[in-house]
Each structure stands twice: as structure tokens, then as C-alpha cells.
Amino acid sequence: MSSRHRSPSVSVLATSAATAAKAAKAALAAVAAVAALSALPALPALAQPTPAAAPTAPPTMLERGRLEFESNCATCHGMGARGDGPMRPFLAREPADLTTIARRRGGSFPRSEIADLIDGRGMTEPGVHGTREMPIWGRVYREQSEAQTRGTPFPAEWSVRGRTLALAEYLQSLQRP
Ligand code: HEC
């Protein structure tokens, strides 16, 4: 009899524990989602408002470009972007020395055009240098960005453009006279 009386309250307890666990899980998921969104390099608008006393400032465009370069480009182009990355012996075409882009273009560095070149999706020919051995970064970034922005009102293309522009800005900072 008494166990009969007890069981409902036990199950109430169990239910509320389960509810609490669910709520905690949902909160964690929300935190993870926000973290994933603020990791989007090209969407500063998505970054959470930074409290005044935040210990770290969000990375600048230049800094994002550097990180992006070191993780996705240095294998072929080299850490210093001089075309001497560890993959070089395995490529049919020499990875360009990216510190001489301006020199080879009469001293100008058209940032938007270079971003398009890195993007690669707009290329009508296999590549400006013949067969394009460079990955089509626009496609790679677009796929990643679609996964990140799914279910949000943010267009996937923002992040793609932001990443290629950040790369172009970083490359511009490396130009040698
Ligand atoms: C798999 C090797 C490889 C990787 C990784 C790679 N590249 Fe390249 N890249 C090349 C090769 C080879 C060329 C020159 C020939 C060509 O265009 O196919 C080139 C050419 C370029 C050019 C044109 C240079 C010029 O002088 O016109 C730019 C700009 C460039 N890469 C930027 C990048 C950036 C930025 C990344 C990283 C997001 C990157 N590359 C990653 C192999 C690579």
C-alpha cells in the first residue's frame, strides 16, 4: 500500500529529473549552436555581442586570413606563401609564389579580383594558368558554409566571400616590392 503511494511521487521526481536533463541538453545544444555560428569567419554580424570586459577581441580580417592561409594553403604555397610548401614535389604545376602577385601585376593588388581567383567558381576556363591544380575553394567553403548556416537566416554566400576576401587581404600584406 505504502509503496503504491510512494511510486507516483518517485515517478514525478524521475520525470522532473528527466525534464531537467532535457533542459540542460537543450541549453548545451544552444550554446554549441551559438559557438558554431560565431565561428563563421565571414559573418561578424553573427558574432555574439561582446561584453565590454571580454578578455579577447574577435580576430581581425587579416588575422582570419592568416589562420585560413596557414590551415588550407600553406601545404602547397608554403608558410611564407613563396610557393615552397611540402606538397610542391607532388604537384604537376608549381604552386605560385603568392608574395609576388602585385609585382607580376605592375604593382597593383586588386583584392576583390584575387578573392575571385581563390574562389575559382567563376572561372570559365580550367584556370588562368592552364589546368587548374588549385582546389576550387569557393566550392569547398560553400559546402562548409551551407552546413553552418542551415536553419539560420544567414545566406551561405556571405561566409564564402568573407573567407576569400580575408585571404586576399592577408596575401596583400605579404606582397614584396
Ligand atoms: C593542392 C595545392 C594547392 C593548395 C592547397 C592551394 N593552392 Fe593555390 N595554387 C596552386 C597551384 C599549383 C597554383 C598555380 C597553378 C594553378 O593556378 O593551377 C596556385 C595558384 C594560386 C593563385 C594564383 C596566383 C597568381 O599569381 O596568379 C592564388 C592567388 C592561390 N593559388 C591562392 C591560394 C590560396 C589562398 C589557397 C588556400 C585557400 C591555396 N592557393 C591553396 C596549388 C594550391
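How many residues does helix H2 have, and how far does H2 reach from its first C-alpha to its last?

Author: The model is a predicted one, in which local features need pLDDT of at least 70 and side-chain atom pairs count only at pLDDT 80 or more, while totals for chains, interfaces and linings use all residues. Residues are numbered from 1 along each chain as its sequence is written.

Helix H2 has 12 residues and reaches 16 Å from its first C-alpha to its last, close to the 16 Å expected at 1.5 Å a residue; the expected span is 1.5 Å times one less than the number of residues. Helices here are DSSP runs of H or I with at least four residues, strands are runs of E with at least two, and both are numbered from the N terminus. The protein chain has seven helices and zero strands.

The buried residues of H2 are Arg 64, Gly 65 and Glu 68. They lie on the same side of H2, because they cover an arc of only 100° around the axis, the arc being that of the directions from the helix axis to the C-beta atoms. A residue is called buried if 20 or more other C-beta atoms lie within 10 Å of its own, exposed if 12 or fewer do, and partly exposed in between, with C-beta atoms placed from the backbone. Across the protein chain, buried residues make up 20% of the 177 residues.

The buried residues of H2 pack against H7, where two residues are in contact if their C-beta atoms, placed from the backbone, lie within 7 Å. Helix H7 covers residues 156-173 and reaches 27 Å from its first C-alpha to its last, close to the 26 Å expected. What covers the buried residues of H7 includes, along with H2, the helices H4, H5 and H6.

H2 and H7 pack at an angle of about 95°, with their axes 7 Å apart; axes are lines fitted to C-alpha atoms, for helices over the stretch in contact, and angles run from 0 to 180 degrees between N-to-C directions. The two helices are therefore roughly perpendicular to each other, since angles of 65 to 115 degrees count as roughly perpendicular, those under 35 as roughly parallel, those over 145 as roughly antiparallel and the rest as oblique. The residues that make the contact include Arg 64, Gly 65 and Glu 68 of H2 and Arg 163, Ala 166 and Tyr 170 of H7. The residues of this contact divide into six nonpolar, two polar and five charged, where Ala, Val, Leu, Ile, Met, Phe, Trp, Tyr, Cys and Pro count as nonpolar, Asp, Glu, Lys and Arg as charged, and the others, Gly among them, as polar.
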